[in-house]
Amino acid sequence: MIVERVIDNKARGIKQWPVRSNRASSLGHPCTRYLVFERTKWNEKVLHGPSLQMIFDLGNDIEDRVLRDLHDAGFEIFEQQRSFEWKEYDITGHIDAKLQIGQTIYPLEIKSMSPFVFEKINTVQDMLNHKYHYVRSYPSQMTLYLLMDNKEAGFFILKNKSTGAMKEIEVNLDYELGEKLLKKAETINRHVEAGTLPDPIEWDDNVCSECGYLHICNPVRTGTEVDIVDDEELLELLIKRESLQVYAKEFEEIDGILKEKLEGRDKLLIGDYYITGSWRKTTRYEVPKDIKDQYKTEAQYWVRKIAKVTDQKRIAA
Amino acid sequence: MSDIMDVAPITDVPAIADDQLLVIADQAEKRIEAVKKIKSLVFRVTNFHDWIDQQGKPYLWASGAEKIARLFGISWRIDEPVFESLEGGHYSYTYKGYFTLGGVTIEAVGARSSKDGFFKKYGKETNGERKELPPSEIDKTDVKKAAYTNLIGNGITRLLGIRNLTWEELKEAGITKEKATTVDYGSSKEQRTGCISDAQRKRFYAIAKKAGWSDDEIKDYLKTIGVESSKDIPTDKYEDACKWAETRQRQPGEDD
């Protein structure tokens, strides 16, 4: 009853506003058709629900917390939520803040994330390769701020929503990415002006199924069909594998601790366990990259993923 | 006239050979087994959030349809929707789609009408009684999106041969009607409850301006009903707000 009232209140606050420009935070979206819809059919977008709104609100609260922490740590914070506009390309945006380090001022974007995503992201490349399209969009957002503010570098501050841990990622201006984004903005503007739409992207579950314009986009969905296999032996092995998985993890953990604790120690008797050890010499060849490249060959190997049908996140289309 | 009637020659229909019967029986058995297996997978891949109760029958929600489509690798293509105006300002959207799996393609239709109680919006009469708002207050996007979702659900369940599931079957998988009905209805419900729509907001503002209220006076009035902005006017105060907007008394020195 209490929570329901909060949820209702959140739901009332969800509104769709007209979109008159290409938002820097959205331009990294993988579907240009979506970005054109954002400009021309924003009033037909299916609004997100209160659950997602709560995540957004939490993100805003965390942003304030991080800015306070940075300030308390002695950093000068400037121009919070400063708006940018690049008329030539119809691009607008606002940066979370700017931060001074030494004599240099850097644009700053704060991103709060789940522990799982937080652990996986340590470089700009990790963002660009991430499976979630909104994470892949982060470098695009920063690149546009850097271009609009005439800066060479900026910072992402990542915040783990579970532990509160923080990490920083420096982003250097990537002109190639910037060029791509400006071309994308030009394409969108051309479609908006002509009242046309680009073709839909190939169906992507991570993009299309969550899209607020799905009902007006009507993309063709091409699924890779599942092969239902009746093989008792394989099924038995999979069940056994699952039951052993927990022990395998524990074994690896304990083995790692023992390896660390027993390094350099020979001839030990602990309870019924007799432990020996010795240093082994190995030979390594430090080959310069250009020479190494001459012997490069390509091979392929099969990557398999085993997931339970109930584990939706791991089931690909 | 002859008493002899023309009688059409009877063509002998050959009896189905035993071995053919066995093939048919075998195929039927395999089909039953396949449907059983599909149902079992559908139950395991979905949970109570993915089903809602519609007139006593389980109805697959968009989230569930998406999970099933992903698991089986179902493909589809969908035609542009057909909009139809109905009596009393109501309307409907109809989508037609083609769903494919295992080399078989079926056609399915999904439709929703603004007449559906699901989309109705309510305000309050001056006497405090609940009053249904006209169809113009129903969000077209909600109806269109629901028709799309209806199509996907219909297409997937038809393609997999699981159209007529019962709550009893779902109960075995731990999905009960009681749990399912607590599902979050998403933006449609959210918009039905609470504050007035943009159209209502515009109407309120237009009435107030026509009556000659200034922006400051409108703001002052809004404060008396506990809100800062017209977008936050609660649905149950909308009629009162419109009445207030209409009934401005001429101020001393003002023209008629």
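Buried area is the accessible area, taken with a 1.4 Å probe, that two parts lose on being put together, summed over both. In this predicted model, the area buried between chain A and chain B is about 3,100 Å². Carbon and sulfur atoms give 54% of that area.

Here is the interface in brief:

| Feature of the interface of chain A and chain B | Value |
|---|---|
| Residues from chain A in the contact | 38 residues |
| Residues from chain B in the contact | 36 residues |
| Salt bridges | four salt bridges |
| Polar contacts (both residues at pLDDT 80 or more) | ten residue pairs |

Three elements of chain A each give two or more residues to the side that touches chain B: helix H1 (2–13), helix H3 (50–72) and helix H10 (214–217). By class, the residues on this side of chain A divide into 17 nonpolar, twelve polar and nine charged.

Now to the two helices. At what angle do the axes of H1(A) and H3(A) cross? The crossing is at roughly 85°, and the axes come within 9 Å. Because of that angle, H1(A) counts as roughly perpendicular to H3(A). From H1(A), the contact is made by Val6(A), Ile7(A), Lys10(A) and Ala11(A); H3(A) brings Pro50(A), Gln53(A), Met54(A) and Asp57(A). Sorted by class, this helix contact has five nonpolar, one polar and two charged residues.

Notes. Residues are numbered from 1 along each chain as its sequence is written. Chains are lettered from A and ligands numbered from 1 in the order in which they are written. This is a predicted model: local features need pLDDT of at least 70, side-chain atom pairs count only at pLDDT 80 or more; totals for chains, interfaces and linings use all residues. Side-chain values use heavy atoms; hydrogens and water are left out. Contact means heavy atoms within 4.5 Å. A salt bridge is a side-chain nitrogen of Lys or Arg within 4 Å of a carboxyl oxygen of Asp or Glu. A polar contact is a pair of N or O atoms within 3.5 Å; within protein, one must be able to donate a hydrogen and the other to accept it, and residues adjacent in sequence count only if both atoms are side-chain atoms. Helices (H or I, at least four residues) and strands (E, at least two) are DSSP runs, numbered from the N terminus. Ala, Val, Leu, Ile, Met, Phe, Trp, Tyr, Cys and Pro count as nonpolar, Asp, Glu, Lys and Arg as charged, and the others, Gly among them, as polar. Axes are lines fitted to C-alpha atoms, for helices over the stretch in contact, and angles run from 0 to 180 degrees between N-to-C directions. Angles under 35 degrees count as roughly parallel, over 145 as roughly antiparallel, 65 to 115 as roughly perpendicular and the rest as oblique.
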